[in-house]
Structure formats: C-alpha cells, structure tokens
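Welcome, and please open your viewer. We will walk through this protein together, one selection after another.

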Amino acid sequence: MQQDQQDDGGPKTRTPGRRRLIILGGGLAVALAAGGGAAAYRTGFFSGVGEPVAFGKTQETAAATVDLPRRGVRMPTGPRAAFVRTARLPDGTQIAKTTLTGPKSGFTGDVWVWVPKEYDEPRYAKSAFPVLISLPGGRGYPTNYWGTGPGLGLQQAVADGAKAGKSLPFILVMPVINADTKHHFDGSDIPGQPKMGTWMVDDVPAFAKANFRTFTSRDGWAFMGSSSGGFGAFKDVLKYPDRFKAVIASGVDFVPDSPLWKGNRRAMDENNPEKLAAELIEEGGPDVYVNFQIGTKESGRDLAERFMREYGKGPVHTRLQVIQDGEHNGKSYVRGMREGSLEWISKVMLAPTPDPDVP
C-alpha cells in the first residue's frame, strides 16, 4: 500500500493509482483539530457564519443606470443565488456558500465562492473578473476543502498576489466534485452515473455567469485543482478548449481510473487527457496552458515530465512548478502557486479593467 499525506501531515493509506482521491478530505476539520482552529477564530475567519452575503449588487446597479456594459463583459444574468457566509478573511473579503441544482446535470451540490476585494470597488463596477474554478482532491463531497478551509491559504495567496501585482484578482468558484462519499467520478459523465462532467463544465460556469461579472471570452475562464480534482481540471481544459484557457493541475493522474467506468473504453477515452491532448494537437488549437505542480516529496513528477515531452507542443503549452519539500497536500500546492504558478496563469488570462473616471 502507498500512502498520502493529509493536511495535518498524518498518513492515509491508499491503493496504487489514484487512490490519492482519499487525501485532504477532512480539509478544514482536520486542520482545526490539529490546532488551526484557535488561530482561525482569533483572526476572525468564522465571524458572522451563516449570515446572508451579497456580492457587487450596489455597484452593478449604479453602473447599469449609467451606460451599457463594456464589450466583452457579461453582467450577472441571474437568477441570483442565496449565499451565506462561511468565513471572512482579514481583509474583509468573504467566503460564502450556496446550494446549486444543475439544470443540465440534474445534480444538487454545494458551491463555495470567494470574491476579491477589488470586485466590490466602484472603479471596477463595469469590469469583468477572471474565474478560477477550484477543485479539491479527497472525497470532494459534501465539501470542497478550498472553500471550507481558508487556513490552506488559497484565497490569501490570490489576494496577496493581486496586491503585489503578480496575480490577477480571480473570483474563486469551489464546487463539490463527486456525487457521494463512496465513489470517485473522474469529474466525468460516466454512463449510468450522476453527470459530474456536465455539472463541472456547464452548470458551475452558468452559475458563475448568473451571479458575477464575467468575461464573455474563454480568456477569462480557468481551472485549478489538486489530486483527483486536478485530474478533472486538467482534463476539462483539454476537452473544452473553446470554453477554458488554462489550468493549474497539482499532484494529478493522467488517465481516468474510476472503477465506475467498468471497462467502458470509448467513454474513458473521451475523458483521457493524453488522447484529448493528441486530438487538440492534430486539430491545431485553440491554445491551452497547463501548469503542473509536483512536490519533491510525492510521486508523479516522471509522469508530468513524460506528458510534457509527448504532448507539450503546438497548441498545448505546458509548465512544471516543482515544490521543494512539497507533499501531496493543499498547503504545499498553495505554496507552489505563490512561488510561480499564479503569476504564470495570470499572464495568459484577461484582467479586470478599472474605470479611469472613478477614483
């Protein structure tokens, strides 16, 4: 048996292949139990939990009365979701949660959202913001540890990067990735199973468009994910390059391996990153940007480098962020994002544009 590291550093046994799925599943609860809870409460992470949250309504209403949205900007289409606060960062930004029933997938699950402070500033009221759909590993249901575990530092990394001018102020959309706690679905529409692929690439983006100012171009849409979530994120960018432009994929596998496929080779091939990359290269585009992250204390670097050698050409642009002493966990991957991956992905995505007439 191989072992993965949970967020608290404790081992979790798994079978070979992607039994990495069972990492980080406790996310926030584990981190808090390990001693992060007191610090989190001292910094006010959990003040006002459960209170209603609204994003950008006042500014958007004011902007709409002045003139039409800028070209390339999609104002929230509605209907608005009902959000409740789950955490608050030191800069006053909030993580909020809602429950979404996907109109195309028919699946119902929770989605967490974090919006950077720039989003609510009057000077950006007419601007779209790039969206980074952030997927967890582990069970990925009923929670997403990127949303429930602010102590992992993802939101703070984006905020700090934006403040330093090295990262775009992404909207983070953090949905669940699996339909139950017993199975992993490869972020795909496995025949006879809940349509988690449709949930991820149709329903979740539609939800973001309904609630936030987003770009009409794919240049404003990207994924990030770790472990099993990294596989789904990586695969979706290659499968839908007309919708998504880039991905930060951490500690990923490179082929679908859910037992739920039951040997359905055709359906598996339709969700196989290697085959999708080969097809994209043969078609000549559109260009996609794949940033792998691998810690030096985890396996998988050889597989990432092999993929880069074989498929990192033509429209498939690849990069590897090696995380020194990094393990197979969220904190290591956020460190890699701080050390280069966020800056890299920000260079290929659209940025929000402030109104020059608003201070």
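**The whole protein**

Keep in mind that you are looking at a predicted model. Show everything as a cartoon to begin with: the secondary structure comes to ten helices and 14 strands. The protein has 359 residues, and buried ones make up 56% of them. Among the contacts with a separation of 6 or more, 72% are between residues 24 or more positions apart.

**Stop one: proline 205**

Now select proline 205, which sits in helix α5. Is proline 205 buried or exposed? Its relative accessibility is 5%, so proline 205 counts as buried. Show the side chains around it: beyond its neighbours within four places in sequence, proline 205 is in contact with Ile133, Trp199, Met200, Trp221 and Phe244. Valine 131 and proline 205 are 74 residues apart in sequence, and 8.8 Å separates them in space, C-alpha to C-alpha.

**Stop two: arginine 213**

With a relative accessible area of 0%, arginine 213 is buried. Which backbone oxygens does its side chain reach? One belongs to tyrosine 124, whose backbone oxygen lies 3.0 Å from a polar atom of the arginine 213 side chain. Another is the backbone oxygen of alanine 125, reached at 3.4 Å.

**Stop three: glutamate 118**

Tyrosine 124 leads us on, as Tyr124 is also one of the contacts of glutamate 118. Select glutamate 118 in the loop between β7 (108–114) and β8 (131–135). Glutamate 118 has a relative accessible area of 11%, under the 20% cut-off, and is therefore buried. Leaving aside neighbours within four places in sequence, its contacts are Tyr124, Phe129, Ala162 and Pro169.

**Stop four: a pair of helices**

For the last stop, colour helix α8 (residues 273–283) and helix α9 (residues 301–311). How do α8 and α9 pack? The angle is about 20 degrees, and the axes are 10 Å apart. That angle makes α8 roughly parallel to α9. The crossing of α8 past α9 is right-handed. To see where they meet, show Pro273, Glu274, Ala277, Ala278 and Ile281 in α8 together with Arg306, Phe307 and Tyr311 in α9. Six of these contact residues are nonpolar, two are charged and none is polar.

Key
Residues numbered from 1 in each chain as written. Predicted model: local features only at pLDDT ≥ 70, side-chain atom pairs only at ≥ 80, totals over all residues. Heavy atoms only, no water. Axes fitted to C-alpha atoms, helices over the stretch in contact; angles between N-to-C directions. Helix = DSSP H or I, 4+ residues; strand = E, 2+ residues; numbered from the N terminus. Parallel < 35°, antiparallel > 145°, perpendicular 65-115°, else oblique. Left-handed = near helix turned anticlockwise from the far one by under 90°. Contact = heavy atoms within 4.5 Å. Nonpolar A, V, L, I, M, F, W, Y, C, P; charged D, E, K, R; others polar. Buried < 20%, exposed > 50% of the residue type's maximum accessible area, 1.4 Å probe, protein only. Polar contact = N/O pair within 3.5 Å; in protein donor to acceptor, adjacent residues only side chain to side chain.
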